[in-house]
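Here is a short briefing on one structure. It covers strands, disulfides and salt bridges.

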Amino acid sequence: MTTNTRSPRQLAFGALWILVAGFAGQAQAQIYVSTPASGAVVTSPFVLEADTSQCEGEGVLSMGYSIDGGALTTVSGNEIPNTSLAASVGSHTIKVTAQSSDNKTCTQDVSITVSATSARSIIPSSSDSVSNINDSSDWKCAWDSGTGSSPNYSTCSYGIYPFAPGGDGLSLMMQANAQANSGLRFSVSFGQDDTTENFFYDGYVYLNSDEMSITNIEMDMNQVIPNGDTVIYGFQCDGISKTWDYSENSGTDVEYSGHWIHSGQACDPLKWAPLEWHHVQIYYSRDASGDVTYHSVWLDGAEQDINGTVYSEYTLGWSPATLLTNFQLDTGSNGGEPQVYLDQLTISRW
């Protein structure tokens, strides 16, 4: 098995240093856009800050900016300080320019996505959070008996690697060696809490290799509640139906019958660009009767409303009051060896 050791600083996180090459023999211009970072998800209005020391070897007289090819706004000097900009919800391109004393122009484009609301604004300040669950040494992996393959021919492995989008140093690497229609499940317990009813799942996912073999990416949480039953918060990106799915128990807590419900909101793992970090956030809650409401999911900052409520309580005999999260990779009819990284996994509860 090989792992990708490409620096995460090649990805769209953090401040952006850009080298704009001139023609042979000419100096290079360096434009520093401190905010927003390329690929950032922001709410409107947002702040633009940029500066530069030169443009093609000449001193800089002015800088400018525009959004989506609109009118250019210019400012004197070699910086754009703390400037508030507004844009509609969706994807946009900010063009930053520098004008030299010799009338040369250097430019740099920064791509952003404007979100209607900040997903994490849902979380109250009084919430409890467990951060960097991906760094735990207690992860386990196993074949999912609910899938159609044999465990004798589908295996998994995992490890903690120094590869992460935010520069925090470590992420969980998950490798599946799977035959046709297999599911390999990675799981870890991260606490004990049987009373909390609201949860917010927040993590980054990176498809590193053989991503075309993935049919489903499943991100679940299980909670043992006061009566000793287990509530399953099951959620997945379904490459067959090409929707976000959530799980339901259509039976009783004792004679249970779990299955997936297609939400109608689009999701397809094959459209998650490979070799990039993708931000996944999910908000769900339960009531005292074992009914789970799946409120919303955000993929790379774009919100999709789920608004589905289903019964999801099971008598599994688990003890003690465990909180557990699963990350599962399912393969299609040809099997495969997908490798996925998980980082900055934080689950908040209140």
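Buried means under 20% relative accessible area, exposed means over 50%, and partly exposed lies in between (1.4 Å probe, protein chains only). The model is predicted: local features need pLDDT of at least 70, side-chain atom pairs count only at pLDDT 80 or more, and totals for chains, interfaces and linings use all residues. Residues are numbered from 1 along each chain as its sequence is written, and side-chain values use heavy atoms, with hydrogens and water left out.

- Helices (H or I, at least four residues) and strands (E, at least two) are DSSP runs, numbered from the N terminus.
- Two strands pair if DSSP finds at least two bridges between them.
- An open sheet of five strands runs in the order β3-β9-β8-β5-β6, with mixed pairing.
- Its edge strands are β3 (40-43) and β6, each pairing on one side only.
- From one strand to the next, the twist averages 30°; axes are lines fitted to C-alpha atoms, for helices over the stretch in contact, and angles run from 0 to 180 degrees between N-to-C directions.
- Strand β5 (residues 60-67) is largely enclosed by the rest of the structure, because six of its eight residues are buried.
- β5 and β8 (residues 90-100) run antiparallel and are joined by seven bridges. Met63 has Ala98 as its bridge partner in β8.
- β5 and β6 (residues 73-76) also run antiparallel, with four bridges. In β6, Gly64 is partnered by Thr74, and Tyr65 by Thr73.
- The β5 and β6 hairpin has five residues between its strands, and Asp68 in the turn has a positive phi of about 55°.

**Disulfides**

- A disulfide is a pair of cysteine sulfur atoms within 2.5 Å. The whole structure holds two.
- Cys55 bonds to Cys106, with the sulfur atoms 2.1 Å apart. This link is right-handed, with 95° about the S-S bond.
- Cys55 lies in the loop between β4 (46-52) and β5, and Cys106 in strand β9 (residues 105-115), so the pair ties together parts 51 residues apart in sequence.
- Cys55 is buried at 0% relative accessible area. Cys106 is buried at 4%.
- Cys237 and Cys267 form a disulfide, S to S 2.1 Å. The torsion about its S-S bond is about -105°, so this disulfide is left-handed.
- Cys237 sits in strand β18 (residues 235-238) and Cys267 in the loop between β20 (258-266) and β21 (277-286), 30 residues apart. Both cysteines are buried.

**Salt bridges**

- A salt bridge is a side-chain nitrogen of Lys or Arg within 4 Å of a carboxyl oxygen of Asp or Glu. A search of the whole structure finds seven.
- One of them joins Lys104 to Asp102, at 2.7 Å, N to O. Lys104 is partly exposed at 24% relative accessibility. Asp102 is partly exposed too, with a relative accessible area of 45%.
- Arg120 pairs with Asp202, the closest N and O atoms being 2.7 Å apart. Arg120 is in the loop between β9 and β10 (128-130) and Asp202 in strand β15 (residues 198-209), 82 residues apart. Arg120 is partly exposed at 36%, whereas Asp202 is buried at 6%.
- Arg286 meets Glu197 at 3.9 Å, N to O. Arg286 is in strand β21 and Glu197 in the loop between β14 (183-192) and β15, 89 residues apart. Arg286 is buried at 7%, and Glu197 is partly exposed at 31%.
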